[in-house]
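User: I would like to go through this protein chain with you. Could you take my questions one at a time?

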Amino acid sequence: MQWLEVMIDTVPEGIDAVCARLIALGTSGFEIEDEQDFKDFLENNRQYWDYVDDALLGEKKGKCRVKLYIPDDAVAGETVLLLREGMQSLRRDCPELSLGSLEITTGQRSEEEWANAWKLYYKAQCVGEKLFIRPEWEDASCPPGRVEYVNNPGMAFGTGTHASTRLCMTLLESLIKGGEQLLDLGCGSGILSITGLLLGASSSLGVDIDAGAADVSCRNAALNHVENRFASLCGDILTNSGLKAQLGRQKYDVIAANIVADVIIALGGAARGLLAPGGHFIVSGIIDTREEEVADALRENGFQVTRVLRDEGWCAMELIPR
């Protein structure tokens, strides 16, 4: 299959707003590139050069790009037009925000090219104190004392390389003691749902607005031999009353939402109603400039912030009902 790679240029302050608008437009599978990614690439590949031109460093300074992939089919042009209109309306709706150019560029990628790109840049890594994330195509040994999660993200968000995901996983590993019911809102590739199961949760339910993410998460569950304890649903809990009612048939010991600030704020009331007594709500994907705004909104929905982790300009929170 041919895919269209869509790239939206922004600035660090605009990442959260751009991602929130993409989600509102029905897109959940995207990745973020920023200046730190470029610096990390330079640091991790020092053996290939002795000097990096200052002009190139200057060009990358403060630059951010949100990338997503859509099928390159008969309606691809309409989809790109919708995205352009979405970015234009975002600028009109948020005149106070620094959003950068919001320029959209596109390029064709085949399934094979996309997969090879992941294989080039996505490497095995330790996360937190207990987890080891290994891409399916990497031949790497799990360090003693860690729990291995084998991942193939496909076209869905969730590799464990982004700071927001690492922070969420670090909070998650400290809360799973064994036997918990886990709900993952915005599950993407299923990385939080499945690592929760590998850490000892008894069951996990992943929910995403992207049908492709639901498929990928099920494949990853099978890849890690936990498919009998994992289920996925496709839909938007904020607008789909039937889905909300289905989720409300039980209570959850841990609810995780690694999304963006605006969606987390909107989810607060629903999450509060779905938590079991003594349960925990983990949220991540919050750019640091919006930390207090998110915390205040969740407090208004009956939560108490018990822990905050921060890394690379992102933060994650652990909350309990008051």
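**A conversation about the chain**

Analyst: I320 is in strand β14, which covers residues 314-321. Helices (H or I, at least four residues) and strands (E, at least two) are DSSP runs, numbered from the N terminus. The model is predicted, so local features need pLDDT of at least 70 and side-chain atom pairs count only at pLDDT 80 or more, while totals for chains, interfaces and linings use all residues. Residues are numbered from 1 along each chain as its sequence is written, and side-chain values use heavy atoms, with hydrogens and water left out.

User: How does I320 count in terms of accessibility, and what does I320 touch?

Analyst: I320 counts as partly exposed, at 24% relative accessibility. Buried means under 20% relative accessible area, exposed means over 50%, and partly exposed lies in between (1.4 Å probe, protein chains only). Not counting residues up to four places away in sequence, I320 touches G279, H280, G302, F303, Q304 and T306. Contact here means heavy atoms within 4.5 Å. The C-alpha atoms of I320 and L275 are separated by 9.0 Å, although these residues are 45 apart along the chain.

User: What about the whole chain: how many helices and strands are there?

Analyst: The protein chain has 11 helices and 14 strands. Of its 322 residues, 49% are buried. Among contacts between residues at least 6 apart in sequence, 68% join residues at least 24 apart.

User: Which residues have the most contacts inside the largest nonpolar core?

Analyst: They are L22, L183, L185, L247, I255, F281 and V283, in a core of 84 residues. A nonpolar core is a set of buried Ala, Val, Leu, Ile, Met, Phe, Trp, Tyr and Cys residues joined through side-chain atoms within 4.5 Å. In soluble globular proteins, nonpolar side chains tend to be buried together. As one example, L22 touches I8, T27, F30, V66, L68, L83 and M87, leaving out residues up to four places away in sequence.

User: How many aromatic pairs are there?

Analyst: A search of the whole structure finds one. F281 and F303 form this pair, with 5.2 Å centre to centre and 35° between the planes, which makes the pair tilted. Rings of Phe, Tyr and Trp (its six-membered ring) pair if their centres lie within 6.5 Å; planes under 30 degrees apart count as stacked, over 60 as edge-to-face and the rest as tilted.

User: What else is in strand β12?

Analyst: G285 is placed there, and at 1% relative accessibility G285 counts as buried. Setting aside residues up to four places away in sequence, G285 touches D16, S164, N258, I259, V260, A261, W314 and C315.

User: Changing topic, how many disulfides does a search find?

Analyst: The search of the whole structure finds zero. C142, for instance, is in no disulfide: the nearest cysteine sulfur, that of C126, is 7.3 Å away. A disulfide is a pair of cysteine sulfur atoms within 2.5 Å. C142 counts as partly exposed at 28% relative accessibility, whereas C94 is buried at 16%.

User: And helix α7, is it mostly covered or uncovered?

Analyst: Helix α7 (residues 191-199) is mostly covered, with eight of its nine residues buried. Among them are I191, S193 and L197. G200 follows α7 and has a positive phi, near 130°.

User: Which side chain has a polar atom 3.4 Å from the backbone oxygen of S193?

Analyst: That is the side chain of S204. S204 lies in strand β9 (residues 203-208) and counts as buried at 5% relative accessibility.

User: Where is H225, and what is its phi?

Analyst: H225 is in the loop between α8 (211-223) and β10 (230-234), and its phi is positive, near 60°. Most residues other than glycine have a negative phi. H225 counts as exposed, at 66% relative accessibility. E312 also has a positive phi, of about 55°, although E312 is not a glycine. E312 is found in the loop between β13 and β14 and counts as partly exposed at 44% relative accessibility.

How values were computed:
Polar contact = N/O pair within 3.5 Å; in protein donor to acceptor, adjacent residues only side chain to side chain.
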